[in-house]
Amino acid sequence: MNIRSTRPYAIAATAILGGAALAAGPAGATTEPVGDFAGTVRVGAALSETGRYEREGEDVRQGYDLWAEWVNDEYGGIRVGDDRYGVEIVYYDDESDADTVANLTERLITEDEVDFLLGPYGSDLTMGSSAIAEQHDMIMVEGNGASEDVFARGFQNVFGVLTPAGNYTQSALQALAEAGAETMVIAYEDTAFPTSVMEGAQRWAEEYGFEVLAIETYPEGVTDVTAIFTTFRDLDPDVFVGGGHFNDALLFMTTADELGFEPNAFVITVGPSNPEFADELGELAEGVIGPTQWESVMTWEDEYFGTASEYAARYEERWDEVPTYQAAESTATALTLQLAIEAAGSLETDAVRTALQELDVETFYGPISFDETGKNASKPMGFIQIQDGEIVTVGPADVAEAELIYPLGE
Amino acid sequence: MTELLQATINGVAIGGFYGSVALGFSLVWGVLGVINLAHGELVMVGAYLTWIMHRNHGWDPFAAVVVVVPVMFVVGYVLQRMLINRVIDKPHLTALLVTFALSIIISNVVKLRYAGTPRSVRAAWSGSWRHGDVTIPVTRFWVLVFTVVLMLALWAFLRYSRLGAAIRAASQNREAARIVGIDIGRVFALTFGIGAALAGIAGMLASPLLPVFPTMGPPLTLRSFAIVAIAGLGRIHGALLGGIVLGLVEQYVATYVPEYGTTLGIIASFALLVTILVLRPRGLFGGLRPAH
Amino acid sequence: MRWRPATRRRNRVPAVLAVLVVALAVLPLLRDSTGFVSDSRLFTMTQMFMAITVASSWNLTGGFTGYVDFGHAAWFGIGAYGTGVIMSKLSWPFVPALLAGAAVAAVAAALIGSATLRLRGPYFSIAMLGTFVTMREVARVWRPLTGGGSGLTMPPILDRPLFYYVTFAYLVVVVAFAFWLRRTRFGASLVAIREDEIGAEMRGVNTTVAKSAVFTVAGFITGIVGGLWGYQNSYLSPGIAFVEARTVDAVMMTILGGLGTVAGPVIGGAVLFWLRDVVWANFLDYHLLVQGVLLIIVVLYVPEGIVGKLRRRSGAVAITRVWRRADARRRAEPHGAQPS
């Protein structure tokens, strides 16, 4: 005998079908071009408006928007052959989640039918998003996913304008070696991006003659690194190289202080170039070196946004805050796409792809040209040092504004 | 040998901090019978309060206790009256789910207000004391001292004050306590308030040691559970002991295993939790109530 | 006047379900790039199917048997890694690797269950949470096998309709299995364990074997979903394979739908996905906050879930009965520890 009522199943049926029917999902937010254009180039971007990358996601969005507004309002539209096209960017929030960004990228391609894609923030999200792009044969230019894994898959459609992870520590280590440093210790978070950076660091250490005394890893979300720093302190190295996330940077400096660990230099991959680092740590942040993709005092220049500092002024006027490198590289990403379209003279995927492969240009963000894996092989990593509480660009030497202080005196 | 000594010092130091976190958790569980999965979030709120005082008024974290205690006590009292009260006589799953939902709510509210950027606080007593090859971190030392004082104060309160007696009575036998005229509802609310205040103090102690951010809570809650499992429920000195055991395990593994030590230390501490629960369901030193 | 024997009303359930299954099965055939049925829509549905499957398998231990597992997402991750490692290290093709990966998850569940299933109530729940965290870090540390923190890449395969069909078919199988299980003697013994374990033991139910069996099966079922997800994602790392939110989702869906019922996880899952996609999409900052509030409301005021609310008969979801019984037991027990 059927002792169960049929109601629940009917409800289930309706729920599922209803779910399917109504799961239309959010419509993408867009910036529509206003003006007299022969057509519109539609570009899609899934960004982290919420979630752990919310902060950076906002920077990326502002970078992309700054470009779009400039193209539509000042530049007169992208040149496609003899015509000028307005640009429209379609945005979705990926919630800093890998599954979501893949889904949204697909939506941009199949439902919104964008012409090109701009990358999300973070290597992990870029991994997923770019895989979708490649599978649909859609070009993605990105500027916020530096992990080597992004470029190690033999993809043809993914191009990254930022300096890849393996080269993050190169210029800093070179400068330190020249200043006399000989020994080093490494500590990093055991996830994709920091691992890439530190594998690169070990290569550069070998190239510049460093002796690596110890390597330690820690898991995501670590709350205590006392054991690591105790070991390091006993080894007394010249240079400490470390990295993971902003949390870790704070933890490093407070722990170093507590244990009396005083190497001649601290190189931390994520944190120091963010003003909040010096802000939160006060004098504990003094002298810390951090790689940076871009600083506004660098003397790169182009005919579109001018010098780095002119770009910064424009950004500040628009968004009421100083641009971070995430914002700058986002504008540069979009600019690169534009230049490729103009060089190709069309919106055809194959033509634009070829144009990207052949591109070789200096922008306010730095030189951009791609190797066969899609990496930007020509852009050197900059680095800053916190001097008197200020973020000061000390490398690469030809664009630096001050000298590297080594060793840290106390 | 000095490596062992240093690792022991590190373990005791962080263990003292873990103990302070477990105090409030243990008290609430022991008296109300509620496993508060939002305990870590209460700690986090205490840490934020401390940071706010430090950032906006320049207060030293240890001084923030005068603000943290009353604020967190009120927060706890109100939470108990409004919400926790409804799960007290329900099965454990209800309490777990409700407090879990509460933890999500609290961490998201804080995130909306203060964003996810991690914060840091520096105590005036900081740096380290060197003695030959051994270093004692100053702030952690004082955190340990504070924890011990706190425990003694709590013990004395429970032992010698009227309210303390009422709390102990309520936790031993609710019906009998009611019969002798104790207002159980009020006792529960006050106890939860005290538990929240203890959590707030733990957060205050955390702020110079760890980065402060909205989702820092869950690992602390999980560690509190581990400590109670090790040390038994409602035992105040047990919280400190349990914390130290946990801290030592983490530090020994992290120190002696190269490269992957820190990760293994975390595995070890959770494996320890599971092992103890399985082998000695009453906790390592007895005292855990059997679940029904 | 003729006596009309009480005619059983024609059971409409199979018809309704058949329509539903056919409709969902046909959906991908309507696929075109614009409008309604796009690849990304199929992808969302696929994710929903996977989530509901995980919730259904969680319900086997949590709902049927009363052992609330807060670490359920561990089997997902183990299945994902098992499949991924076997495919990349041993070069097995997908289907055998998937089965093997899920088998690994099942074995892990059996081993861990042999220890943790001895615990009751919250101790079990939290021990499983501890196990989950441990599994994630083990995946991170065991670099030679799993690629450690950098993760594991597999050859990408993009075939949305294929995955849609596979996950949908699998969901149907799993729900049918749960439906069937509930009506067997074994299923009844699980419910007996939930209601009164000691009593069940005394009545001859081998509770240890029963618990272990259902736990292992749940591990296997979830392991398969993990393997499917991993393959579709083509990239694994400890941080994305072992995600607490998957356990939370499973719990939320089941509770919302009706803990211990077969339709519960399905309905709860569909409702939750619908809420997320439609309602909360516009209030993204508050999304988790609202979910927390919703959970509290459901747990306190609608503990029997949607299905329970719909059922009028006393054969309805037993959870309220369980609670009343547990309640009475608690009142009878003297209260515990002395603070010292």
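Reader: Why is A:Ile186 called buried?
Author: This is a predicted model. A:Ile186 has 25 other C-beta atoms within 10 Å. The cut-off for buried is 20 or more. The count of 25 meets that cut-off, so A:Ile186 is buried.

Reader: Where is A:Ile186 found?
Author: A:Ile186 is in strand S8 of chain A, residues 183-189.

Reader: Which residues is A:Ile186 in contact with, leaving aside its neighbours within four places in sequence?
Author: They are A:Met198, A:Ala201, A:Val212, A:Ile215, A:Val241 and A:Gly242. Another pair is worth a look. A:Leu213 is 27 residues apart from A:Ile186 along the chain, and their C-alpha atoms are separated by 8.2 Å.

Reader: Why is A:Pro275 called partly exposed?
Author: A:Pro275 has 14 other C-beta atoms within 10 Å. Buried needs 20 or more, and exposed needs 12 or fewer. The count of 14 falls in between, so A:Pro275 is partly exposed.

Reader: What else can be said of A:Pro275?
Author: A:Pro275 has its place in helix H9 of chain A. The C-alpha atoms of A:Pro275 and A:Ile391 are separated by 7.3 Å, while the two residues are 116 apart along the chain.

Reader: How do you know that the span of helix H2 of chain A agrees with its number of residues?
Author: Helix H2 of chain A has 22 residues, 54-75. At 1.5 Å a residue, it should span 32 Å. Its end C-alpha atoms are 30 Å apart, so the two values agree.

Reader: What follows H2(A)?
Author: A:Gly76 does, and its phi is positive, near 90°.

Reader: What makes up the contact between chains A and B?
Author: Chain A gives 33 residues and chain B gives 32. On chain A, H2, strand S9, helix H7, helix H8 and helix H9 each supply at least two residues of the side that touches chain B. The largest share, 8 residues, comes from H8(A). That side of chain A divides into 13 nonpolar, 10 polar and 10 charged residues.

Reader: How confident is the predictor in chain B?
Author: The mean pLDDT of chain B is 88, and 96% of its residues reach 70 or more.

Reader: What of chain C?
Author: Chain C has 16 helices and 2 strands. Of its 340 residues, 56% count as buried.

Key:
Residues are numbered from 1 along each chain as its sequence is written. Chains are lettered from A and ligands numbered from 1 in the order in which they are written. This is a predicted model: local features need pLDDT of at least 70, side-chain atom pairs count only at pLDDT 80 or more; totals for chains, interfaces and linings use all residues. Helices (H or I, at least four residues) and strands (E, at least two) are DSSP runs, numbered from the N terminus. The expected span of a helix is 1.5 Å times one less than its number of residues. Two residues are in contact if their C-beta atoms, placed from the backbone, lie within 7 Å. Ala, Val, Leu, Ile, Met, Phe, Trp, Tyr, Cys and Pro count as nonpolar, Asp, Glu, Lys and Arg as charged, and the others, Gly among them, as polar. pLDDT is the predictor's confidence in each residue, from 0 to 100.
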